[in-house]
Amino acid sequence: CCGVSCNYNKHHHITMKPSCISVIAFVFFISSTPCYVSFLFSKHDGRHQSFVLPGKRTEAVRLEGKRKFVINEEAANKGDYVFDGGIAQNVKPEERRLAMSKKDIVLYVKAGPDGESLGDCPFAHFIQMCLQRKRLAYDLRPCTAATKPSWLADHYEGKMPCLVHKGEAYTESSVVAEYLDFFFPDVPLVPEGGEDAYRDADEAAAQLFPAAARYIKGADAGARGADAAHLRTALGELEAFLGGGGPRAGPRPAGRAWLHADAPGRADYALAPKLYHLQTCLGAFEDCDAGLLGDFPRTQEYMAAAFALDEFQKTSYPPEVVVWGWANAREAARSSP
């Protein structure tokens, strides 16, 4: 049996004040021993949102900029759930499924040129690919600045993608992916034992999108050469990783098509949409080097495989939508003082 205890104030739920934190406690009876399942959410900054399955009488503490969980001595001595980076270990998948259902997922995303269709956000694309991989049903709601819900604008700075599930909202794509993997672990985005390989892959691709965005926008005409060099450096880091591996997990297995596992995973779903944007823009804007990717054959081979994924195809948008989005970004960047 399962008892549920909730403490809500009048600002809880989606319209919660930015300074508020909500704690929801689910009580499970597992092997005749009560275990408290707590969720700690910061409502105004996704970097501080967190969710854990602590051991008995565990105190959850929110710190600025990171998550920390203090486990009392009794719980530690009993060997109750031990935490690594804010995620509980040794928690059975079926116990997690008791906490959250696979229904009632809503994803708010940037709308396209018509204000109603799917827009060009690579981070929303990333989350949709994760949802597709996990075969989770969800309601997709494209929004413009004028049509996004007031609670999203007022309390989440209008950030999208925003995933809402069971009345709780999450606005950082990395947090959303963590959330999905934790509560819906049947198809993990990072396989068990693959954390080092994931971190290597994530770091290898970390500079690509910032460098690509700067180059595509071209806000500073005098820095065009430097922007191109930075993009080439970022692509070179990815190319080297695809050919060798990373410092934690070591050399990548021969013939591996994906970044950190034998099947596509979280880092692949995060990277593929960004590469799609880069490829599209390089061929669309006259001041971009259309042949730049030709110097990175491993990356091109990887892109072909990633773009052919069913998860990518089902959640993608036409190249002209990508061009529309970046044309607006270029205009805004070049007109700002």
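Where is E157 found? E157 sits in the loop between α4 and β11. Before going further, the ground rules. This is a predicted model, in which local features need pLDDT of at least 70 and side-chain atom pairs count only at pLDDT 80 or more, while totals for chains, interfaces and linings use all residues. Residues are numbered from 1 along each chain as its sequence is written, and side-chain values use heavy atoms, with hydrogens and water left out. Helices (H or I, at least four residues) and strands (E, at least two) are DSSP runs, numbered from the N terminus.

Back to the backbone, then. Most residues other than glycine have a negative phi, and most peptide bonds are trans. E157 is not a glycine, yet its phi is positive, at about 60°. With a relative accessible area of 60%, E157 is exposed; the cut-offs are under 20% relative accessible area for buried, over 50% for exposed, and partly exposed in between, using a 1.4 Å probe and protein chains only.

The loop between α4 (150-155) and β11 (162-165) also holds P161. The peptide bond from M160 to P161 is cis, and its omega is near 5°.

R135 is another non-glycine residue with a positive phi, near 55°. R135 belongs to the loop between α3 and β10 (139-143), and its relative accessibility of 79% makes it exposed.

Now the cysteines. A disulfide is a covalent bond between the sulfur atoms of two cysteines. Here the criterion is a pair of cysteine sulfur atoms within 2.5 Å, and by that rule there are zero disulfides. C162 is in no disulfide, and the nearest cysteine sulfur, that of C143, is 9.1 Å away. C162 is buried, at 0% relative accessible area. C121 is buried as well, at 13% relative accessibility.

What is meant by a pocket? On a 1 Å grid over the protein atoms alone, it is an open set of points where a 1.4 Å probe fits, with protein on both sides within 12 Å along at least five of seven lines; lining residues have an atom within 4 Å of a point. Grid points are joined across faces, edges and corners, and the volume is the space filled by probe spheres set on the points. On that basis the second largest pocket holds about 390 Å³.

Its lining has 18 residues, and those nearest the centre are K110, C121, P122, F123 and F209. By class, nine are nonpolar, four polar and five charged. Nonpolar here covers Ala, Val, Leu, Ile, Met, Phe, Trp, Tyr, Cys and Pro; charged covers Asp, Glu, Lys and Arg; the others, Gly among them, are polar. Three helices each give at least two residues to this lining: α3 (122-133), α7 (208-217) and α12 (319-335).

Why does the pocket lie between two domains? Because domain 1 (95-183) and domain 2 (194-335) both contribute residues to the lining. The domain bounds come from an automatic or database domain assignment.

Next, one side-chain pair. D181, in helix α5 (residues 173-183), is buried at 11% relative accessible area. Its side chain makes a polar contact of 2.8 Å with that of K134. A polar contact is a pair of N or O atoms within 3.5 Å; within protein, one must be able to donate a hydrogen and the other to accept it, and residues adjacent in sequence count only if both atoms are side-chain atoms.

Last, some pairs that are separated in sequence. L271, in helix α9 (residues 266-284), is buried at 3% relative accessibility. L271 and A206 are 65 residues apart in sequence, with 9.1 Å between their C-alpha atoms. F312, in helix α11 (residues 310-315), is buried at 3%, and its C-alpha lies 8.0 Å from that of A272, 40 residues away along the chain. G246, in strand β13 (residues 245-246), is buried at 14%. From the C-alpha of G246 to that of D196, 50 residues away along the chain, the separation is 8.7 Å.
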